[in-house]
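Please open the structure in your viewer and have the selection tool ready.

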2 protein chains.
Amino acid sequence: MDFVIIGGDAAGMSAASRARRQYPDLRITVLEQSHDVSYSACSMPYNIADPQTPMDTLVVRTAAEFIDKHRIDLRTGHKVTAILRDKRQVSGKTADNEPFCTGYDKLLIATGATPTLPDLPGKELLMPLKQLEHGRQIKQAIKDRRAKNAAIMGMGYIAMEMCEALTALGIHVCMVKPSSRFLPWLPKDMAQIVQEEVSKNGVDLHLGTTVTSIEKKQNRVRLHCDNTTLDADLALGATGVRPCSELAQKTGLALSVSDSISVDSYLRTSDPDIFAAGDCGDAFHVVTGKKTWIPLALRANRAGWAVADNLFSEKTSLQGVAGTAVFKVFDLAVARSGLTLSEAKKAGFDPVENRITSWSRVKWQPGAAKIYVNMVGDKKTGKLLGTQMVGTDGVAHRINAVAVALHAGMSVADFIQTDLAYAPPFSPTWDPLLTAAIQLEKKL
Amino acid sequence: MDFVIIGGDAAGMSAASRARRQYPDLRITVLEQSHDVSYSACSMPYNIADPQTPMDTLVVRTAAEFIDKHRIDLRTGHKVTAILRDKRQVSGKTADNEPFCTGYDKLLIATGATPTLPDLPGKELLMPLKQLEHGRQIKQAIKDRRAKNAAIMGMGYIAMEMCEALTALGIHVCMVKPSSRFLPWLPKDMAQIVQEEVSKNGVDLHLGTTVTSIEKKQNRVRLHCDNTTLDADLALGATGVRPCSELAQKTGLALSVSDSISVDSYLRTSDPDIFAAGDCGDAFHVVTGKKTWIPLALRANRAGWAVADNLFSEKTSLQGVAGTAVFKVFDLAVARSGLTLSEAKKAGFDPVENRITSWSRVKWQPGAAKIYVNMVGDKKTGKLLGTQMVGTDGVAHRINAVAVALHAGMSVADFIQTDLAYAPPFSPTWDPLLTAAIQLEKKL
C-alpha cells in the first residue's frame, strides 16, 4: 500500500511520522517542492531578531532523519502539478525539471497556504514570510543591505511579530495598510492599546494608506502610496495568506471557505481516498458548527495526526477549531478564542459583548498590570461565543480557559461558576475572565 | 425583614453587599467577633514580607464604609454564642462582655475556619495566620524580637508562602512536620522539585519530625522534637484549619465532611432559613458529585453572593468546586485542579495517572522553563479527573483550562481536541496540557 503526501511541512510530516508508527509496512512517500521539512515556522520572527543564531536551528527534524530513521521516502525539490484521480497518481516536476509520477492508494494534500501579495507594480520587491527560505532571505537582506529602515505591508499577526523583531535589531519600521482600523477584530479601545504600544516603540503606522507601486532604488525600495512615499532598505509583504488548493480544485475536489479544501471531521476530501490537512484545508468551528478557514499551527499538526489515524478506518474525528490565537508585540500579548461580535452576528447569533478592565494579579503584587477582556455571549441561548484579551501580563494562558469552555459549549452562566485558580501573585480572587463573564451575563 | 450574618469576612460581607443591592429595604445585620472585615487574607504573607507597608492596607473596605455607604448594621466585637432556632434569634457577647440578642428572618453562618494547632505543651506560643490580627501579631513579633530565625510547624500552602516571606526578610526558617512526605498530594518526583526549591533557598526542612513541646526561652521559643531541638525567635503554627461549625452543631444543623456545615447547592443548611457560606460550609465536588470541604477564597466570595441571590427564592445554584488551587514558593508555582490519583481511588474511580515534562514556551524563547504536569484520568469512563502542575513559568493560568474541563465533565480524549493558544513566546505548539492528555490517553 502506498501513502503519498504532497507537502512536507507541519501537517504532512506529522501524518508521515504517525503513519509510520501505526503501519510499519506502509510505503510512505512525501513530495515537497522546497528543500525544507519540519521546521518551526512560527519561530521565524524571533530568529530574525537574533543575528547570532542561524535560521536553520529552527529545523526540528532533517530530511535525512525522516528517510533513515522513519523509512519515509521523502523527496524534496518535488513539485506536484497534477493529481490524476482516475489513475490514482500524482505527477509533477523536480527542481531539475525532471518529470515524475507516483501512484497512491491513499493521498494527503498538505500544501499549506501561500502569502497573498497585492497585485501592484513592483510586487516582486516585497519579501513574504511563510517558508523557511523566506526567513533566510529576509535575514540575508538585513545583513547584506545593513538595513536601517524597513517597510511592512499589512498589520496582522505576522506583521506585528516582524515589527517587533526588526525594531529589536535597531531597524526603524513603518507599516502600511489601506484600512483605517488597526486590528479590526478587536474592540476599538482594545485595538487602540495595541496601536499605542506599537507606536510607543518607534514604529510608524500608516493606516488608511494604499501602496500603489513599489520601485527599486539601487539597493533600496520606494513604496509609492496614495498619500505618501516611503523609502526603506527592505519591504516585507504580510498581507495575509490563502490556501494552496489549486491541485485539489483542478482534480475536482470540493472547495470551501476562502477556497480552502473541504474536509469532513476525519479529514477526508470529497474523494474518500484523498485527505487534506494543514493550512490548505478547512475545519469545523466548534462555536458555529459551520466550516471555517483559520490556518494555524496546532490544527495543522493535529490534522496530520488524525489523517494517519484515519487512513484505513474512521478512528479520529476532529471536533474542530475554536480559533484560539495569541501573539506578542513588544510588551503586549493579544489573544482571542471563538467569535468576535461581528463574526457572531454573521454566524446568525444574537450576540452582545462586554469589555472589562481588571488586574492581572492582586494589584499590589509585583508584575500586576491592567488586563482588558472583551467577552461575547449569545442573547438567545446564553452561550459563551468568544473572548478577546490584551495585556502585558497573564493573557496567553488565560485564553485557554475560554477555548476549553467553547469546546464544551458552555453558557456564560456556567463559565461564571468555574473554579479558577487564585493566589495573589497570579490573579485577583475573581479572575479577570470571571469578572468579564459576570458583567456580560448582566447584558444577556 | 431581618437578614442576620454571623461573620464579617469574605463570605459574610459578599452576602451583605449583594443583599443590599438586591433588597434596598432589607435590614442587614453583620455580627463579627473581631474588629476587621473585608480584607485580603491571602495577601498576608506578602504583606509580612514587606515591612514598609502596614498590614491594614490589606483592608479592602472598612466597617465604616459598609455602615455608611451600604446601610449595613455591621457590629464588630460581637461574638455569637448561640443560635436559638425556635425563637429565630442569635445571642452572644460583645467584646466588652455585654450580652446581646438579635432576631432574624434569614440567617447566614459565615464563621469561616480556624487554625488547628496541635495539642501539646506550650502550644499557646505558636502564632497562627488566619485573621488579620494574626498577621499584625506576626509582623509585630518580627519587629520587636528583631527576628533572625523562625520555626514553622506544617508544610502546606500557608507554610510555603510564609517560608518565602520570612526568607525575603533575611530570617532563617526551619519547618517541621511529622510525616516524611513533602506535599503528599503531589507525585513524589514533583514534590521533590518543590522540596529542592525550598531547600535551595536556605530553608531547613525537618520531615518526619514531631514536636513534643514548646518552651519559652526569654524572648525566644524552643521546640522540643522527637529527634531534635529547634530554637527560634518566633514559631508559626500552619498545621491546617478546621471549619468553625460549633454554633451550627449546637443548634442541630447537619454537618458534613470534616465537620463542615452541610449545605445544598443553594447554600441552605438543614434549616431552610439558615444559610452557610465560606470556609465553614461544605460544597459539592464537580468531579465526584459528592460533598467535599476545600476552604478557598473564591468559593467563599461566590457562596456569599449566591446566598444573597437565594434569600427568598431559588435563584443561584452553585455547581461546586473543582479544588483548583495554586501557590507560589520562591521561583516555583504549584497548581492543582480536580483529584489526585489517591483521591480518585477513594472516590471510587478506576484512575490512572501520567506525568510528563515539557517546556513552558518554545524552548529557545526567553523565559522558557521545564514544566511538570501530572494528569489523572478514569479508565472506566475516560473522564479527566484532575491535574497537578509544577514549574517556574506558565503554571498558574494553565491550570484554569483543566478547571473548566472538569466543570464540563470532559473526557481526556475531548480535552486532547481543545484548541489551545500557541505562539512561541508563550507555549510549544502542543501546550504541555495537551501533551499530558495525549500521553495519559494511551494508558486509559
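The stops below concern salt bridges in a predicted model.

Before selecting anything, consider the general idea: side chains whose charges are opposite can pair when the charged atoms come close. Over all chains, a search of the whole structure finds 50 salt bridges. A few of them are visited here.

**First stop.** Select Arg222(A) and Asp231(A). These residues form a salt bridge, and their closest N and O atoms lie 2.7 Å apart. Arg222(A) has a relative accessibility of 25% and therefore counts as partly exposed. Asp231(A) is also partly exposed, at 34%.

**Second stop.** Select Asp282(A) and Lys291(A), whose side chains meet in a salt bridge of 2.8 Å, N to O. Is Asp282(A) buried or exposed? Its relative accessible area is 2%, so Asp282(A) is buried. Lys291(A), in contrast, is partly exposed, with a relative accessibility of 26%.

**Third stop.** Turn to chain B and select Arg136(B) with Asp36(B). The salt bridge between them has its closest N and O atoms 2.6 Å apart. Asp36(B) counts as buried because its relative accessibility is 11%, and the cut-off for buried is under 20%.

**Final stop.** Return to chain A. Which residues are linked in a network of salt bridges? Select Asp36(A), Asp56(A), Glu133(A) and Arg136(A) together to display this network.

Conventions. Residues are numbered from 1 along each chain as its sequence is written. Chains are lettered from A and ligands numbered from 1 in the order in which they are written. This is a predicted model: local features need pLDDT of at least 70, side-chain atom pairs count only at pLDDT 80 or more; totals for chains, interfaces and linings use all residues. Side-chain values use heavy atoms; hydrogens and water are left out. A salt bridge is a side-chain nitrogen of Lys or Arg within 4 Å of a carboxyl oxygen of Asp or Glu. Buried means under 20% relative accessible area, exposed over 50%, partly exposed in between (1.4 Å probe, protein chains only).
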